[in-house]
Amino acid sequence: MPALPADIGAASRDVATATWADPAIAARYPGAKDGSVTPSEGFFDDIADAQAVINVRAALIGTERRRFTAIAEEVVWPDMAAGLPQVLLIDSEQAVNAGFLGARLELDLDADTTTYELFG
């Protein structure tokens, strides 16, 4: 099947790269991969569109997140129809007082405990 003129035009355009960086994160994790060696692919007609997408991606993965495991001393049956379980974790030793999403939930009916793996 021969290539259409629109396909040839799209394939022969110059490459434009949109970037995002956070100096505070780079200073805190100097050995972290910055994505410039193997960047995420995206195909946009306008560099402004590409920059808008990379900014949204940065808001998702460019924010420092913490992960915890917490055990409740009772069986807690979540209402999964209401969405992901959200937990307020207060721990002075870890200096945390924030809401987290329940990334994993384990009910132990023998021990009457609920274990949450929290992410946020």
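Colleague: How many aromatic pairs does the structure hold?

Modeller: It holds 1 aromatic pair. The rings belong to phenylalanine 68 and phenylalanine 100. This is a predicted model, where local features need pLDDT of at least 70, side-chain atom pairs count only at pLDDT 80 or more, and totals for chains, interfaces and linings use all residues. Residues are numbered from 1 along each chain as its sequence is written, and side-chain values use heavy atoms, without hydrogens and water.

Colleague: Why is the pair of phenylalanine 68 and phenylalanine 100 called edge-to-face?

Modeller: Rings of Phe, Tyr and Trp (its six-membered ring) pair if their centres lie within 6.5 Å; planes under 30 degrees apart count as stacked, over 60 as edge-to-face, the rest as tilted. Here the centres are 5.4 Å apart and the planes stand at 85 degrees, so the pair is edge-to-face.

Colleague: What does this pair tie together?

Modeller: Phenylalanine 68 lies in strand 1 and phenylalanine 100 in strand 3, so parts 32 residues apart in sequence are tied together. Helices (H or I, at least four residues) and strands (E, at least two) are DSSP runs, numbered from the N terminus.

Colleague: Are phenylalanine 68 and phenylalanine 100 buried or exposed?

Modeller: Both are buried. That word means under 20% relative accessible area; exposed means over 50%, and partly exposed lies in between (1.4 Å probe, protein chains only).

Colleague: What makes glutamate 117 and arginine 67 a salt bridge?

Modeller: The rule asks for a side-chain nitrogen of Lys or Arg within 4 Å of a carboxyl oxygen of Asp or Glu. Their N to O distance is 2.5 Å. Glutamate 117 sits in strand 4 (residues 113-119) and arginine 67 in strand 1 (residues 67-72), so the pair ties together parts that are 50 residues apart in sequence. Arginine 67 is exposed, at 55% relative accessible area.

Colleague: How many salt bridges does the rule give?

Modeller: The count is 2 salt bridges. Arginine 104 and glutamate 106 form one of them, with their closest N and O atoms 3.1 Å apart. Arginine 104 has 44% relative accessible area, so it is partly exposed. Glutamate 106, at 35%, also counts as partly exposed.

Colleague: How do you know that strand 2 and strand 3 pair?

Modeller: Two strands pair if DSSP finds at least two bridges between them. Strand 2 (residues 86-91) and strand 3 (residues 96-108) have 6 bridges, in the antiparallel sense. Aspartate 91 has valine 96 as its bridge partner in strand 3. These strands form a hairpin with 4 residues between them, and alanine 95 in the turn has a positive phi of about 55 degrees.

Colleague: How many bridges join strand 3 to strand 4?

Modeller: There are 7 bridges, and the strands run antiparallel. Leucine 107 stands opposite threonine 114 in strand 4. In their hairpin, with 4 residues between the strands, aspartate 112 takes a positive phi near 55 degrees.

Colleague: How do you know that the span of helix 3 agrees with its 15 residues?

Modeller: The expected span is 1.5 Å times one less than the number of residues. For helix 3 (residues 47-61) that gives 21 Å, and the end C-alpha atoms are 21 Å apart, so the two agree.

Colleague: Which residues of helix 3 are buried?

Modeller: Ala50, Ile54 and Ala58 are buried in helix 3. They cover an arc of only 75 degrees around the axis, so they lie on the same side of helix 3. The arc is taken from the directions from the helix axis to the C-beta atoms. On the other side of helix 3, Val56 and Leu60 are exposed.
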